[in-house]
Amino acid sequence: MASPITRVVSGDITIAYDPGLPVLQRFTIRGLGGRIIRLRAPRDEAHRALVRECGLTRTQASRLIKAAEEGADQ
């Protein structure tokens with residue numbers, strides 16, 4: 001069975017979370033136009049990219065990451 005990949009979209013930012021990958025490769029962050037900001041990154045690096053490169057607040061970044069992780073658990 002394929003792993004349940006979750007995608008969360010907020011404005012121009014898309015976060016893909018794949019729990020079937022190793023812990024250090026579960027997140028992919030895409031920006032405007034599908035530009036890859038982080039490919040197969042761990043949670044901390046994905047959070048850092050959302051704050052530094054996408055301009056989100058720390059709280060917004062945490063909420064998006066949490067939503068992606070919770071979506072995969074369902």
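Which helix does histidine 47 lie in? I looked this up in a predicted model, and histidine 47 lies in helix H1.

I checked the accessibility of histidine 47 next. Its relative accessibility is 15%, so histidine 47 counts as buried, the limit being under 20%. I then listed its contacts, leaving aside neighbours within four places in sequence: Arg58, Ala61, Ser62 and Ile65. I also took one distance from histidine 47, to threonine 14. The two residues are 33 apart in sequence, and their C-alpha atoms are 13 Å apart in space.

Which residues of H1 are buried? I found Ala46, His47, Ala49 and Leu50. Viewed down the axis of H1, these buried residues fall within an arc of 160 degrees, so they line one face of the helix. As a reminder to myself, an α-helix has 3.6 residues a turn, so residues three or four places apart point the same way. On the face of H1 turned away from the buried side I noted the exposed residues Asp44 and Arg52.

**Entry: the nonpolar core**

I turned to the largest nonpolar core, which has 15 residues. Those with the most contacts inside this core are Ile13, Ile15, Phe27, Ile29 and Leu50. Which elements give two or more residues to this core? I wrote down S2, S3, helix H1 (43–52) and helix H2 (58–73). H2 supplies the largest share, four residues. The general background is that in soluble globular proteins, nonpolar side chains tend to be buried together.

**Entry: the aromatic pair**

How many aromatic pairs does the structure hold? I found one. Tyrosine 17 and phenylalanine 27 form this pair, with 4.9 Å from centre to centre and 45 degrees between the planes. The pair is tilted, because planes under 30 degrees apart would count as stacked and planes over 60 as edge-to-face. The pair links distant parts of the chain: tyrosine 17 is in strand S2 (residues 13–17) and phenylalanine 27 is in strand S3 (residues 27–30), ten residues apart.

Are the two partners buried or exposed? Tyrosine 17 counts as buried at 8% relative accessibility. Phenylalanine 27 is also buried, with a relative accessible area of 2%.

**Entry: the largest pocket**

I noted a space of about 190 Å³ in the largest pocket. Its lining has 14 residues, and Ile5, Arg7, Ala16, Asp18 and Thr28 lie nearest the centre. The elements that give two or more residues to the lining are S2, S3 and strand S4 (36–41).

I followed up aspartate 18 from this lining. Aspartate 18 is found in the loop between S2 and S3. Its relative accessible area is 13%, so aspartate 18 is buried. How far apart are the C-alpha atoms of aspartate 18 and isoleucine 5? They are separated by 4.6 Å, while the residues are 13 apart along the chain.

**Entry: threonine 6**

Threonine 6 lies in strand S1 (residues 6–10). I recorded 10% relative accessibility, so threonine 6 counts as buried. I also looked up its separation from leucine 39, 33 residues away along the chain, and the C-alpha atoms are 15 Å apart.

**Entry: arginine 40**

Where is arginine 40 placed? I located arginine 40 in strand S4. Its phi is near 50 degrees, a positive value in a residue other than glycine. For context, most residues other than glycine have a negative phi. Arginine 40 is partly exposed, with a relative accessible area of 48%.

**Entry: proline 42**

Proline 42 is partly exposed, at a relative accessible area of 21%. Which residues are in contact with proline 42, leaving aside neighbours within four places in sequence? I listed Val23, Leu24 and Phe27. The C-alpha atoms of proline 42 and glutamine 25 are separated by 5.4 Å, with the residues 17 apart along the chain.

Note on methods: Residues are numbered from 1 along each chain as its sequence is written. This is a predicted model: local features need pLDDT of at least 70, side-chain atom pairs count only at pLDDT 80 or more; totals for chains, interfaces and linings use all residues. Side-chain values use heavy atoms; hydrogens and water are left out. Rings of Phe, Tyr and Trp (its six-membered ring) pair if their centres lie within 6.5 Å; planes under 30 degrees apart count as stacked, over 60 as edge-to-face and the rest as tilted. Buried means under 20% relative accessible area, exposed over 50%, partly exposed in between (1.4 Å probe, protein chains only). A nonpolar core is a set of buried Ala, Val, Leu, Ile, Met, Phe, Trp, Tyr and Cys residues joined through side-chain atoms within 4.5 Å. Contact means heavy atoms within 4.5 Å. The arc is that of the directions from the helix axis to the C-beta atoms. On a 1 Å grid over the protein atoms alone, a cavity is a set of points where a 1.4 Å probe fits but cannot get out, and a pocket is an open set with protein on both sides within 12 Å along at least five of seven lines; lining residues have an atom within 4 Å of a point. Grid points are joined across faces, edges and corners, and a volume is the space filled by probe spheres set on the points.
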